[in-house]
Amino acid sequence: MKYWLMKSEAAVYSIVDLKRDKKTVWDGVRNYEARNFLRAMYPGDEAFFYHSNAEPSGVAGVMRVSCAAFADPSQFKRRDIHFEPKAMPEAPIWSAVEVSFISAFPKVVALEELRKATALKNMALFRRSRLSVQPVTPAEWRTILRLAGRAA
DNA sequence: GCCAACGTTGGC
DNA sequence: GCCAACGTTGGC
């Protein structure tokens, strides 16, 4: 099983929305490296839900990858902001996964806190700016759970 | 709202 | 294939 971190603007879709919906299609990723990480996901993998552009930004909870990567439906929708004219149903360009709610932390583990943790200094989060889907190592995963007040 | 980081596009 | 222009992400 692998671990991941996935970013969403909190005002657009937050952990509260995922808790309500139970599961959602994580679509709209339009960066090749992030897409390749989506394609590397398997059902049962777990991911941190990261709130970006939030007050504070940080890790807000945990979700499970509940369906492996498939063609992102939004790339075919002409009126969708994520429409991709070059994508054909028989040759999709972008991928999505389905994720399911596991838990919301009582308190968001803020970016500032993540920065202070020396065990996290090599996180992709800090080394690769703007990457919205990224791997998390088991050690990083445990560290963040501990910061969240959850047993690792 | 500003702006740094950085991926993408398109002219040449 | 280079690189300037441009657009987006995301912290602050």
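**Exercise 1.** Work out whether E46 is buried or exposed.

*Solution.* Step 1: E46 has a relative accessibility of 17%. Step 2: buried means under 20% relative accessible area, exposed over 50%, and partly exposed in between (1.4 Å probe, protein chains only). Step 3: E46 therefore counts as buried.

Before you go on: this is a predicted model, where local features need pLDDT of at least 70 and side-chain atom pairs count only at pLDDT 80 or more, while totals for chains, interfaces and linings use all residues. Residues are numbered from 1 along each chain as its sequence is written, chains are lettered from A and ligands numbered from 1 in the order in which they are written, and side-chain values use heavy atoms, leaving out hydrogens and water.

**Exercise 2.** Find which residue forms a salt bridge with E46.

*Solution.* Step 1: look for a side-chain nitrogen of Lys or Arg within 4 Å of a carboxyl oxygen of Asp or Glu. Step 4: R64 is partly exposed at 36% relative accessibility.

**Exercise 3.** Name the residues that surround DNA strand B.

*Solution.* Step 1: a residue is near a strand if one of its heavy atoms lies within 4 Å of it. Step 2: N31, Y32, R128, S129 and R130 surround DNA strand B. Step 3: turn to R128, which also forms a salt bridge with E33 at 2.8 Å.
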